Amino acid sequence: DDTMSFYNVSDPNNPVYINTTPLLCSANSTLYKDNKLCVNGNRWGYSIYDVSDVANPQLLYETVLANGAYFGGIVDNYFITTDMMERYYEIKTIDISDPANPIVVARWNPGIQYYGVLFFNAGENTALISIEGFWALVDMQNPLSFQMINQGTASSSIGYMKKYNQILYTCLTNISKLGIYDLSVVPAVLHSEIDLGDMPLWLDIKDEFMYISIQSGIDVYSIRDPLNPGYVTSYSTPNQNMMIHIVDDNLYIAETDRLEIVNIANPTIPEFVSYLLIPDLKGPYGLKTMGVEGQFAYCSGNLSLIHI
């Protein structure tokens with residue numbers, strides 16, 4: 001069965017196993033707020049755990065959605081996630097002020113078929129929606145009434161997107177390219193595409209450097225000129241990568257069967273720190289997704305909760 005595992009990595013060089021608890025199935029993403037962990041599951045919907053004691057997580061609530069849940073976010077006391085209703089993608093706003101009794105309080109359907117993925121922009125009340133070859137920038141300031149700010153089309157399915165000031169970077173998975181959009185224009189204009197030579201799956205940004213997760217490792221680009229990124233270096237990994245996340249000077253990489261930690265204090269020379277094997281992963285991609293909030297890293301393939 002799929003599991004949620006807890007590790008202490010206060011010392012990144014010496015991760016220590018704490019505990020494991022079962023899950024109904026593998027998770028697509030995890031969201032944390034006020035000791036509550038919302039788990040988006042790929043086949044069964046979502047669940048809410050109390051993780052105030054990481055050695056003894058308590059399941060507060062779980063439910064089934066029509067087509068499983070994907071990425072999402074938390075705004076105030078609202079958990080926002082995605083679902084499919086009668087072949088159409090929609091966003092649901094769920095009031096979790098009482099986590100044991102969540103209530104769906106709003107729905108938004110952009111009228112587009114196929115499932116979509118919702119990515120929140122850290123530090124902003126906005127989110128990015130990816131649906132096949134379409135994307136939208138949405139104002140989430142009022143979780144009960146979403147407003148589309150900008151939108152665009154892509155020449156490929158979008159694996160991940162990230163907003164940087166008035167620039168949008170998109171991982172064009174099917175054609176192994178990075179798409180660059182100018183958000184100062186509405187609707188947004190595709191400025192250019194960079195051929196990466198490998199499938200991009202995720203990206204993160206720190207101090208005018210962009211780190212792109214490709215299947216064979218990490219590509220580093222300078223974005224001092226945000227519309228024209230310049231290649232800096234690459235860092236190879238032994239396994240296929242999925243999500244990456246930067247915390248301070250460390251880059252966390254979700255690989256097939258392990259979490260790798262790389263120091264990027266000098267972006268031109270990424271240095272290996274340590275890795276943590278995550279056993280008994282399910283599915284073709286193993287450790288698929290990861291998020292970091294405060295002192296915890298949340299990893300899912302199965303789902304692992306890692307103290308950092």
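**Exercise 1. Is Asn165 buried or exposed in this predicted model, and what is its relative accessible area?**

Solution. 
- Start with the place. Asn165 lies in the loop between S15 and strand S16 (167-172).
- Take the area next. The relative accessible area of Asn165 is 54%.
- Apply the cut-off: exposed means over 50%. Asn165 is therefore exposed.
- Check the backbone. Phi of Asn165 is near 55°, a positive value in a residue other than glycine.
- Most residues other than glycine have a negative phi.

**Exercise 2. Describe the loop between S19 and S20 through Asp207 and Glu208.**

Solution. 
- Asp207 is in the loop between S19 and S20. Glu208 is in the loop between strand S19 (200-206) and strand S20 (209-214).
- Read the backbone of Asp207. Its phi is near 50°, a positive value in a residue other than glycine.
- Classify Asp207. With a relative accessible area of 58%, Asp207 is exposed.
- Classify Glu208. Its relative accessibility is 35%, so Glu208 counts as partly exposed.
- List the contacts of Glu208. Beyond neighbours within four places in sequence, Glu208 is in contact with Tyr164, Tyr221, Ser222, Ile223 and Arg224.
- Glu208 and Tyr164 are 44 residues apart along the chain, and their C-alpha atoms are separated by 9.7 Å.

**Exercise 3. Classify the aromatic pairs Tyr160 with Trp202 and Tyr221 with Tyr231.**

Solution. 
- Begin with the total. The structure holds four aromatic pairs.
- Take Tyr160 and Trp202. Their centres are 3.8 Å apart, with 15° between the planes. Planes under 30 degrees apart count as stacked, and this pair is stacked.
- Locate the partners. Tyr160 is in strand S15 (residues 158-164) and Trp202 in strand S19, 42 residues apart. The pair links distant parts of the chain.
- Check burial. Tyr160 is buried at 8% relative accessible area. Trp202 is buried too, at 9%.
- Take Tyr221 and Tyr231. The ring centres are 5.7 Å apart and the planes stand at 75°, so this pair is edge-to-face.
- Locate these partners. Tyr221 is in strand S21 (residues 217-222), Tyr231 in strand S22 (residues 230-236), ten residues apart.
- Check Tyr221. It is buried, with a relative accessible area of 6%.

**Exercise 4. How many residues does the largest nonpolar core have, and which have the most contacts inside it?**

Solution. 
- Count the members. The largest nonpolar core has 41 residues.
- Name those with the most contacts inside it: Trp135, Tyr169, Leu178, Leu203, Met210, Tyr211 and Leu251.
- Follow Tyr211. Residues up to four places away in sequence are not counted; among those Tyr211 touches are Trp202, Leu203, Ile218, Ile246, Leu251 and Pro267.
- Find the other core. A second, separate core of twelve residues includes Ile91, Trp108, Ile129 and Ala136.
- Ile103, Val105 and Leu144 make a nonpolar patch of about 250 Å². Ile103 sits in strand S10 (residues 103-108).

Key: Residues are numbered from 1 along each chain as its sequence is written. This is a predicted model: local features need pLDDT of at least 70, side-chain atom pairs count only at pLDDT 80 or more; totals for chains, interfaces and linings use all residues. Side-chain values use heavy atoms; hydrogens and water are left out. Patches are made of residues with over 30% relative accessible area and no salt bridge: like charges are joined within 9 Å, nonpolar side chains (Val, Leu, Ile, Met, Phe, Trp, Tyr) within 5 Å. Accessible areas come from the Shrake-Rupley method with a 1.4 Å probe; for residues, only the protein chains shown count as cover. A salt bridge is a side-chain nitrogen of Lys or Arg within 4 Å of a carboxyl oxygen of Asp or Glu. Helices (H or I, at least four residues) and strands (E, at least two) are DSSP runs, numbered from the N terminus. A nonpolar core is a set of buried Ala, Val, Leu, Ile, Met, Phe, Trp, Tyr and Cys residues joined through side-chain atoms within 4.5 Å. Buried means under 20% relative accessible area, exposed over 50%, partly exposed in between (1.4 Å probe, protein chains only). Contact means heavy atoms within 4.5 Å. Rings of Phe, Tyr and Trp (its six-membered ring) pair if their centres lie within 6.5 Å; planes under 30 degrees apart count as stacked, over 60 as edge-to-face and the rest as tilted.
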